[in-house]
Amino acid sequence: MTKFLMHIEQEQLKNFILDSGLVSRADVSAAEKEAKEKGGNLGKVLISQGKMSDDDLRRMQAYILGIPFVDLKGEKLPFEVLSLIPEPIARNHNIVAFKKADNALEVAMLDTEDLTAIDFIKKKVGLKILPRLTDAESMKSAILQYQKSLKAEFGDLIQKDVGQIKNIPDAEAGADINPDDLKKLADDIPMIRIVDTLLKHAILQNASDIHIEPQENELLVRYRIDGLLHDAMILPKNMGPSIAARIKVLSSLKLDEKRLPQDGRFKIDSDGEKVSFRVSTLPTHYGEKIVMRLLRENVSGFTLEHLGFHGEGLDRIHKAVQATTGMILATGPTGSGKTTTLYTVLDILNTPDVNISTIEDPIEYQMKRVNQTQVRPEIGFTFAQGLRTLVRQDPDIIMVGEIRDNETAALGVNAALTGHVVLSTLHTNSAAGAIPRLIDMKVEPFLIVSTLNVIIGQRLVRKLGQDKEKYFLTKAEIETLAKSINLDKVLIALKEEKIIGKSDTWEKVPFWRLKKDVNPDDGFSGRQGIHEILKVTPAIKEAVLKSGTSDEIQKIAEEEGMLTMIEDGIFQCVQGITTIEEVLSVIAE
């Protein structure tokens with residue numbers, strides 16, 4: 001397919017455009033001249049000049065190549081076919097499944113050269129893939145149906161069982177339901193289907209959390225996707241108790257306990273992917289609020305590069321990973337991807353000749369050949385207690401989910417001092433802030449400098465999807481940015497990693513933003529880390545021993561070449577991964 005598309009003869013395309021009468025002969029000649037001078041493509045030049053649209057060019061390519069063109073505007077696609085391609089893949093690659101035969105799947109695409117997407121879907125569905133070209137409006141309308149199909153699926157389920165749902169007592173009225181009745185509600189077939197549908201769509205849409213919130217007159221269901229909460233469904237208020245009961249049954253919680261918060265977890269298998277749900281219930285004025293965190297269990301296969309690490313920072317982590325003793329810390333607020341980073345490092349370290357033990361709260365991902373332990377504070381089994389025991393289990397590598405108190409900090413440092421590699425997380429705003437935090441936890445500065453190898457500071461930014469456009473900063477914008485960022489350092493890093501040319505200046509460096517007519521909710525898809533990787537060098541050790549502040553440590557680290565999180569963010573903006581506004585808003589948080 002690629003071979004053909006790339007070899008549409010320019011002359012053939014030119015004649016076809018002229019025959020169509022869409023563009024005047026004079027405009028075609030001018031565009032042809034520009035294409036020859038700049039080494040571009042006639043079609044792309046005409047689009048950039050506004051003489052024709054992307055969709056016009058797609059239709060012509062389809063005609064010339066004999067690829068069928070499909071118009072899906074207003075078409076109702078069968079959900080069982082649409083859902084063969086997960087929504088994040090559909091959004092990222094502009095590809096939707098619209099027709100299935102016994103051994104083939106017809107997919108509509110904006111770019112039939114996207115062989116990666118075709119290959120991925122072929123492996124996933126095990127069918128022959130037949131690509132078809134479509135236009136941007138058709139694609140938008142098809143992708144919207146992922147959301148609509150959730151509502152439709154719920155509408156059908158609720159409609160079928162409306163009589164039964166009306167008989168459920170109203171939680172707000174304070175009606176206590178007999179536990180046996182609750183169990184019956186939870187095991188009710190329609191209720192099982194409703195909760196299964198809720199979970200399935202959350203997985204399909206790559207949500208990280210599901211919120212089920214009783215309101216005064218309704219039950220609100222929201223999904224957190226790419227860090228932001230989106231309304232997914234509004235359900236009848238009286239469904240609250242039975243949905244809560246079903247989730248409690250799945251996660252082995254007490255059905256009749258509605259006055260106290262409860263925590264539990266359960267696991268489901270969705271299309272061969274194991275997903276764990278961490279469940280938290282909280283009594284509110286209108287009933288029980290339930291939040292479920294989705295944890296995809298198979299993290300193997302992540303790489304540090306995939307998470308957004310690169311260049312000098314990546315080298316620093318690899319060197320720290322090769323050491324046989326010492327600490328590697330990941331820092332950042334809740335939900336900044338610290339655990340995923342540590343699991344990825346563990347995956348690199350996970351070779352047959354080492355013993356790896358972890359102590360976590362909770363165990364977020366399950367890894368082969370790793371001995372994972374869950375803390376149980378209610379019975380006195382804390383991080384500190386677990387770490388004390390782990391050291392006696394002859395480990396080479398220890399991961400402590402989080403350093404929360406003085407005792408865990410002291411034990412972690414001692415473990416690193418006695419010949420173990422220790423990985424852990426800390427809640428601080430920057431990498432440099434981790435050192436004063438450890439000192440606050442009564443860890444002696446001389447022990448910190450003896451054990452700490454590398455500190456990773458991180459945040460997550462939303463990634464731009466396909467609907468993005470290139471632009472260049474004005475002189476005034478460059479000057480404003482230079483007030484908060486060392487632009488010279490970022491420019492050197494971009495040149496060293498060959499992202500831009502050796503002679504490029506900021507005026508010539510492209511940035512990316514969403515196209516004007518794109519809804520920000522649709523324009524971003526997925527998240528990636530921006531990082532700062534602080535290596536504990538002799539100069540930093542000296543500052544720590546002199547009780548240096550985090551600002552002093554930060555200054556030394558920057559002088560020694562550390563890209564700060566905001567600088568790494570700007571680096572990734574140039575790569576087209578995210579926008580300047582997104583980086584600034586995440587750092588401001």
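Helix 13 (residues 240–250) is largely enclosed by the rest of this predicted model, because nine of its eleven residues are buried. Buried here means under 20% relative accessible area, worked out with a 1.4 Å probe on protein chains only, and helices are DSSP runs of H or I, at least four residues, numbered from the N terminus. The buried set is Gly-240, Pro-241, Ser-242, Ile-243, Ala-244, Ala-245, Arg-246, Ile-247 and Lys-248. After helix 13 comes Ser-252, with a positive phi near 55°.

A quick word on the ground rules. Residues are numbered from 1 along each chain as its sequence is written, and side-chain values use heavy atoms, with hydrogens and water left out. Since this is a predicted model, local features need pLDDT of at least 70 and side-chain atom pairs count only at pLDDT 80 or more, while totals for chains, interfaces and linings use all residues.

Now hop along to Leu-349, which sits in helix 15 (residues 338–349). Leu-349 is buried too, with a relative accessible area of 10%. Leaving aside residues up to four places away in sequence, Leu-349 touches Val-321, Val-354, Ile-356, Ile-397 and Leu-423; contact means heavy atoms within 4.5 Å. Val-421 is 72 residues from Leu-349 along the chain, yet their C-alpha atoms are separated by 9.9 Å.

Last stop: helix 23 (residues 538–545) and helix 24 (residues 550–559), which pack at an angle of about 170° with their axes 10 Å apart. They are therefore roughly antiparallel to each other (angles over 145 degrees count as that). Ala-539, Ile-540, Ala-543 and Val-544 of helix 23 meet Ile-553, Ile-556 and Ala-557 of helix 24.

Technical notes. Helix = DSSP H or I, 4+ residues; strand = E, 2+ residues; numbered from the N terminus. Buried < 20%, exposed > 50% of the residue type's maximum accessible area, 1.4 Å probe, protein only. Axes fitted to C-alpha atoms, helices over the stretch in contact; angles between N-to-C directions. Parallel < 35°, antiparallel > 145°, perpendicular 65-115°, else oblique.
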